[in-house]
Each structure stands twice: as C-alpha cells, then as structure tokens.
Amino acid sequence: MALMKYCNRTGCNRLVPQGVEYCAAHMVNQVVEKQQRHKEYDAHCRDKKVKEFYNSAAWRAVRTKVLVRDHHIDIYLYITEGRIVPADTVHHIVELREDYSKRCEMDNLISIAEATHSYISKAYKNPKKKAAMQQTLKDCMEKYRKKWNGEGV
C-alpha cells in the first residue's frame with residue numbers, strides 16, 4: 001500500500017498518494033489558477049525583452065555551454081559545501097535587469113540546482129545580501145576554475 005498524505009489545498013482532508021500534491025477535486029483548480037496567475041504576470045509585470053531572450057536560440061546555446069563547462073554540477077554547493085549536486089539551472093550573477101549586455105558572458109553565468117537558485121533569489125531581494133551573494137558566486141566560479149585547472153585553491 002502506498003504512503004498517503006493530505007491534499008495540499010488548505011482545509012482539504014482528502015488523502016492522496018505521497019508525491020501527488022492535490023486531490024482530483026483541487027487538481028483542476030490549481031491548473032486554472034496557475035494559468036491565470038501567469039497570464040496576469042505576463043500582461044502586467046514580466047519584462048518582455050528578458051522573456052524574449054530566455055526563449056531565444058542564443059540563450060539555449062550559451063546555457064548548454066555553461067552546463068558543459070561546469071560539468072552539470074551545482075558550483076555553489078560544490079565550492080561552499082563540498083557536495084556534488086546535479087545542476088539544472090544556469091544563473092546570471094549580474095541580472096539581466098542590471099546589465100543586459102552581460103546576458104551571454106560566460107563569466108557572468110553559473111550552473112546551479114533549482115533549490116540553490118531559490119536560495120540565491122531570496123538573497124537577491126535584499127540589496128546588501130545581493131552584493132555579498134554576487135561576490136560569493138564570482139568567488140565560487142574562480143575557485144572552481146582553479147580547482148579544475150589543477151591550480152589548487
């Protein structure tokens with residue numbers, strides 16, 4: 001028998017299998033609500049220039065190059081904690097909104113896992129923490145390059 005948990009919808013006490021977020025009654029509502037949120041965000045908040053870039057062939061190509069360069073591992077966790085975690089995200093150290101000209105610069109890009117990206121994004125919301133995090137990411141890249149090139153740390 002599969003492990004069961006409660007539906008993620010607040011107030012719902014229906015049981016669903018572990019790994020499933022919502023019961024059948026709330027699954028459809030979640031999809032519709034998510035689509036509506038994205039539609040509103042696209043219409044009022046999303047930077048169209050940035051969205052176009054992330055949908056471009058140039059971004060797909062540079063993203064692939066960065067993941068290959070970094071051996072598909074989360075560089076931040078590798079350098080800061082010594083853990084090898086698969087990377088699925090490429091992060092701009094200096095954000096596109098800050099300096100659009102650095103969008104394809106390899107030195108401005110770092111491979112990280114989605115969980116690390118969430119952690120970094122949270123730090124970027126505070127200007128003081130953002131500057132410190134950007135410097136940490138640059139340092140991580142430098143240490144990783146030295147380590148990979150056999151120069152030691």
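User: Thanks! Where is the place of Arg69?
Analyst: Arg69 sits in helix H3, residues 57–69. Helices here are DSSP runs of H or I with at least four residues, strands are runs of E with at least two, and both are numbered from the N terminus. Before we go on, this is a predicted model, so local features need pLDDT of at least 70 and side-chain atom pairs count only at pLDDT 80 or more, while totals for chains, interfaces and linings use all residues. Residues are numbered from 1 along each chain as its sequence is written, and side-chain values use heavy atoms, with hydrogens and water left out.
User: Got it. What does Arg69 touch?
Analyst: Leaving aside residues up to four places away in sequence, Arg69 touches Met106, Asp107, Leu109, Ile110, Met141 and Tyr144. Contact here means heavy atoms within 4.5 Å. A polar atom of the Arg69 side chain also lies 2.8 Å from the backbone oxygen of Met106.
User: And how many residues apart in sequence are Arg69 and Ile110?
Analyst: They are 41 residues apart in sequence, and their C-alpha atoms are 9.5 Å apart in space.
User: Is Arg69 partly exposed or buried?
Analyst: Arg69 counts as partly exposed because its relative accessibility is 24%. The scale is under 20% relative accessible area for buried, over 50% for exposed and partly exposed in between, using a 1.4 Å probe and protein chains only.
User: Let's go inside. How many residues has the largest nonpolar core?
Analyst: It has 18 residues, and those with the most contacts inside it are Ile75, Tyr76, Ile110, Met133 and Leu137. Helix H4 (75–81), strand S4 (109–112), helix H5 (114–124) and helix H6 (127–148) are the elements that each give two or more residues to this core. H6 supplies the largest share, five residues. By nonpolar core I mean a set of buried Ala, Val, Leu, Ile, Met, Phe, Trp, Tyr and Cys residues joined through side-chain atoms within 4.5 Å.
User: What does Leu137 touch?
Analyst: Not counting residues up to four places away in sequence, Leu137 touches Tyr76, His91, Ile93, Ile110, Ile120 and Tyr124. Apart from that core lies another one, with 10 residues, among them Phe53, Trp59, Val90 and Leu96.
User: Phe53, okay. What about Tyr100, what does that touch?
Analyst: Tyr100 touches Lys49 and Phe53, again not counting residues up to four places away in sequence. Tyr100 is in the loop between S3 and S4. From Tyr100 to Val50 the C-alpha distance is 8.6 Å, although the two are 50 residues apart in sequence.
User: Now Thr89. Is it buried or exposed?
Analyst: Thr89 is buried because its relative accessible area is 12%. Thr89 belongs to strand S3, residues 89–92.
User: Which side chain does Thr89 join in a polar contact?
Analyst: That would be Glu114, at 3.3 Å. A polar contact is a pair of N or O atoms within 3.5 Å; within protein, one must be able to donate a hydrogen and the other to accept it, and residues adjacent in sequence count only if both atoms are side-chain atoms.
User: Switching to charges: how many salt bridges are found?
Analyst: Searching the whole structure gives seven salt bridges. Each has a side-chain nitrogen of Lys or Arg within 4 Å of a carboxyl oxygen of Asp or Glu. One of them joins the side chains of Arg9 and Glu33, at 3.4 Å from N to O.
User: Why does the Arg9 and Glu33 pair tie together parts that are apart in sequence?
Analyst: Arg9 lies in the loop between S1 and strand S2 (15–17) while Glu33 is in helix H1 (residues 24–44), so the pair ties together parts 24 residues apart in sequence.
User: And which residue forms a salt bridge with Arg145?
Analyst: Asp107 does, with the closest N and O atoms 3.1 Å apart. Asp107 is in the loop between S3 and S4 and Arg145 in helix H6, 38 residues apart. Asp107 counts as exposed, at 56% relative accessibility, whereas Arg145 is partly exposed at 28%.
User: Which residues do salt bridges with shared partners join into one network?
Analyst: Glu95, Glu98 and Lys130. The Lys130 and Glu98 side chains meet at 2.7 Å, N to O.
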